[in-house]
Amino acid sequence: MCTGKCAKFIGVSLFPLSVISIIANIIQFFPGWQTDPIVNVKDQMTPEVIYLGGVIGGGILVLIPAIHIQATGREGCCNNRCGMFLSILFALIGVAGSVYGFAVSIVGMVNGPQCQYWTNSTSTGVLTWGRPFDTGLANLTDKNYLFNQDMWNACIYPKDVALFNIVLFSMVLSTTGISLILCTIQVLNGLFGCLCGTCRKDKE
């Protein structure tokens, strides 16, 4: 596959990944399909959702490079060595965005959602808002809520917010991970394109 066609394939592939990442992040603002947390962002919204790892990292910072990268694979002004050089710079922006979205998603998924839970027990505890599963990355063991579905019921409200949190952060994690790989490949592809050309057939 020549460098131009490879760039076009990568660019086109990045579009759906960025869109999925943006949508998943927006849905996270309505945990358990509830609207209360978005009204009380400071106390009830999971912090990593507010960091917009899916919207900014895996979304905008991948979508913009995707537009130029796929343009280098089409006949036109970008399908040349200069266009390939610029695609390297754009791909690096995509790499940075993907890394940001990936990191935020990992932290958000491991620390768990913000929810209403009993501090001790249903009989003696106090119903409060917080992160009952927040044990940090250092304590990612079999006792973490990710590996123990029975712990998910600790969150009283919003209902099923633990599953909601895991699924959506996993979607952002997956899309940003794939975007990271594709953008990294484009950095190398763009370098070859600068050195060897884009396989474009010059018109006589």
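**Cysteines, cavity and confidence**

Student: Is Cys155 buried or exposed?

Tutor: Buried means under 20% relative accessible area, exposed over 50% and partly exposed in between, for a 1.4 Å probe and protein chains only. The relative accessible area of Cys155 is 7%, so this residue counts as buried.

Student: What average pLDDT does the protein have?

Tutor: This is a predicted model, in which local features need pLDDT of at least 70 and side-chain atom pairs count only at pLDDT 80 or more, whereas totals for chains, interfaces and linings use all residues. Residues are numbered from 1 along each chain as its sequence is written, and side-chain values use heavy atoms, with hydrogens and water left out. Here pLDDT is the predictor's confidence in each residue, from 0 to 100. A score of at least 70 is reached by 86% of the residues, and the protein averages 86.

Student: Which residue does a disulfide join to Cys115?

Tutor: A disulfide is a pair of cysteine sulfur atoms within 2.5 Å, and the structure holds one. Cys115 is buried, at a relative accessible area of 0%. With an S to S distance of 2.0 Å, its partner is Cys155.

Student: What is the handedness of the link, and how far apart in sequence are the parts that it ties together?

Tutor: The angle about the S-S bond is -70°, and the link of Cys115 and Cys155 is left-handed. Cys115 lies in strand β1 (residues 115–118) and Cys155 in strand β3 (residues 155–157), so the parts tied together are separated in sequence by 40 residues. Strands (E, at least two residues) and helices (H or I, at least four) are DSSP runs, numbered from the N terminus.  The values asked for are thus left-handed and 40 residues.

Student: Which helix gives the most to the lining of the largest cavity?

Tutor: On a 1 Å grid over the protein atoms alone, a cavity is a set of points where a 1.4 Å probe fits but cannot get out, and lining residues have an atom within 4 Å of a point. The lining includes Val161, Phe164 and Asn165. With three residues, the most is given by helix α7 (residues 161–196).

Notes. On a 1 Å grid over the protein atoms alone, a cavity is a set of points where a 1.4 Å probe fits but cannot get out, and a pocket is an open set with protein on both sides within 12 Å along at least five of seven lines; lining residues have an atom within 4 Å of a point.
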